[in-house]
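Colleague: I would like to go through this model term by term. Please set each value against its cut-off.

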Amino acid sequence: ELEAAATPPLPLAEPPVRAMYATAVWAGLRAQELLHLRPEDVETPGRIRIQPRPGWSPKGFPKSTRSVRDIPIHRTHLLPWLEEHRETHAGEACFFPNPRTGDRWTYSAWRRQVEADVRAAGMVYGAGKTRGVVTHTFRHTLASWLAQEDVQLMKIAAILGNTPEVVAAHYAHLLPRDLDQTIHRL
């Protein structure tokens with residue numbers, strides 16, 4: 001098991017926001033996918049369903065009804081966060097309402113929340129030359145962990161909703177290089 005999962009994500013954040021961080025990391029969601037989750041998207045037994053709806057489509061999805069991605073919910077590291085959040089904080093229209101407004105998070109409000117929490121935790125926030133933590137970092141975390149665990153790039157691509165070529169370009173360098181262990185799996 002991964003040691004990083006033993007501590008709650010950004011422990012200084014409020015409980016409903018910590019559940020969002022756990023979901024972003026353990027499901028590898030894009031920020032807009034996270035912000036547009038509805039309660040019924042998380043009710044699929046053991047899965048989070050990402051699907052286009054009128055007026056919104058996840059990045060990279062063609063706007064058709066066949067563009068659905070089901071992401072398994074990790075029973076140990078994500079399910080408890082989702083169950084607690086559903087009981088105490090989930091909204092009727094969106095699974096993760098903004099605790100300050102009760103409405104769906106805007107991307108800019110979510111980005112500001114992440115920036116404040118990252119800085120409060122003593123980490124560097126920002127992309128570019130600073131190479132700090134940004135909203136997309138959580139997605140990269142899951143993909144990196146999966147590659148380091150020698151998960152097939154096709155499976156990582158299916159979870160992320162990317163093409164295998166994009167996943168290979170970003171994460172292939174993290175695959176284990178131990179060929180002895182690979183051959184002895186047979």
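Modeller: The secondary structure comes to 8 helices and 2 strands. Along the sequence the pattern is α-α-β-β-α-α-α-α-α-α. This is a predicted model: local features need pLDDT of at least 70, side-chain atom pairs count only at pLDDT 80 or more, and totals for chains, interfaces and linings use all residues. Residues are numbered from 1 along each chain as its sequence is written, and side-chain values use heavy atoms, with hydrogens and water left out.

Colleague: What makes a run a helix or a strand here?

Modeller: Both are DSSP runs, numbered from the N terminus: helices are H or I with at least four residues, strands are E with at least two. Helix α6 covers residues 153-160. Strand β1 covers 47-50.

Colleague: Why is H36 called buried?

Modeller: Buried means under 20% relative accessible area, exposed means over 50%, and partly exposed is in between (1.4 Å probe, protein chains only). H36 has 16% relative accessibility, so H36 counts as buried. H36 is found in the loop between α2 (31-35) and β1.

Colleague: What is H36 in contact with, leaving aside its neighbours within four places in sequence?

Modeller: D41, R53, W56 and R104. Contact means heavy atoms within 4.5 Å.

Colleague: Why is L78 called buried?

Modeller: The relative accessible area of L78 is 0%, so L78 is buried. L78 sits in the loop between β2 and α3 (79-88). Beyond its neighbours within four places, L78 is in contact with A22, T23, W26, A27, I48 and I73. L78 and A22 are 56 residues apart along the chain, and their C-alpha atoms are separated by 6.2 Å.

Colleague: Which class does V166 get, and why?

Modeller: Partly exposed, because its relative accessibility is 35%. V166 lies in helix α7. Its C-alpha atom is 9.6 Å from that of L153, 13 residues apart along the chain.

Colleague: How do you know that the buried residues of α6 line one face?

Modeller: The buried residues are L153, I156, A157, I159 and L160. Seen down the axis of α6, they fall within an arc of 160°, so they line one face of the helix. The arc is that of the directions from the helix axis to the C-beta atoms. These buried residues pack against α1 (15-27), β2 (69-72), α5 (137-148) and α7 (164-171).

Colleague: How many residues of the protein are there, and what share counts as buried?

Modeller: There are 186 residues, and 42% count as buried. Among contacts with a separation of 6 or more, 55% come from residues 24 or more positions apart.

Colleague: What classes make up the lining of the largest cavity?

Modeller: The lining has 6 nonpolar, 1 polar and 1 charged residues. Ala, Val, Leu, Ile, Met, Phe, Trp, Tyr, Cys and Pro count as nonpolar, Asp, Glu, Lys and Arg as charged, and the others, Gly among them, as polar. The lining residues are A24, L29, R30, A31, L34, W110, T135 and F138. Each has an atom within 4 Å of a cavity point, and a cavity is a set of points on a 1 Å grid over the protein atoms alone where a 1.4 Å probe fits but cannot get out.

How values were computed: 1 Å grid on protein atoms, 1.4 Å probe; cavity = no way out; pocket = protein on both sides within 12 Å on 5 of 7 lines; lining within 4 Å.
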